[in-house]
Amino acid sequence: MTTVHDQERKRALVLRLKRVEGQLRGIQKLLEDEADCEKVAQQLAAARKALDKTFFAMVGCVIAQGDVPADDVADMLSRFS
């Protein structure tokens, strides 16, 4: 496979993951504070969606770089999405 070469895109991905990290810490606090399950579920869904968006942004980087054959990108998508 490949890595993300574009430093701006890499930085954007890292920033997204840092936001998700903050979301996960918030969810942990909700659980520790015995928050309502629906509120916890809502935050879990938001964190999951943020991770999915990060995944697809990373795949977009791979496609934009053009150094991975389309079949390999398709295989990665089918295995991990």
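**Close-up views of helix H2**

**View 1. The buried residues of H2 pack against H1 and H3.** Contact here means heavy atoms within 4.5 Å, and helices are DSSP runs (H or I, at least four residues) numbered from the N terminus. Val-40, Ala-47, Ala-50, Thr-54, Phe-55, Val-59, Cys-61 and Val-62 are the buried residues of H2; buried means under 20% relative accessible area, exposed over 50%, and partly exposed in between (1.4 Å probe, protein chains only). This is a predicted model, in which local features need pLDDT of at least 70, side-chain atom pairs count only at pLDDT 80 or more, and totals for chains, interfaces and linings use all residues. Residues are numbered from 1 along each chain as its sequence is written, and side-chain values use heavy atoms, with hydrogens and water left out.

**View 2. Confidence along the chain.** The protein chain has an average pLDDT (the predictor's confidence in each residue, from 0 to 100) of 94, and 99% of the residues score at least 70. Helix H1 (residues 7-32) has the highest mean, 96, and helix H3 (residues 70-80) the lowest, 92.

**View 3. The two ends of H2.** At the N-terminal end, Asp-36 caps H2, with a side-chain oxygen 3.1 Å from the backbone nitrogen of Glu-38. Just after H2 comes Gly-66, with a positive phi of about 70°.

**View 4. Phe-55 and Phe-56 form an aromatic pair.** The structure holds one such pair. Its geometry is edge-to-face, 5.0 Å centre to centre with 75° between the planes; rings of Phe, Tyr and Trp (its six-membered ring) pair if their centres lie within 6.5 Å, and planes under 30 degrees apart count as stacked, over 60 as edge-to-face and the rest as tilted. Phe-55 counts as buried because its relative accessibility is 17%, whereas Phe-56, at 44%, is partly exposed.

Note on methods: A polar contact is a pair of N or O atoms within 3.5 Å; within protein, one must be able to donate a hydrogen and the other to accept it, and residues adjacent in sequence count only if both atoms are side-chain atoms.
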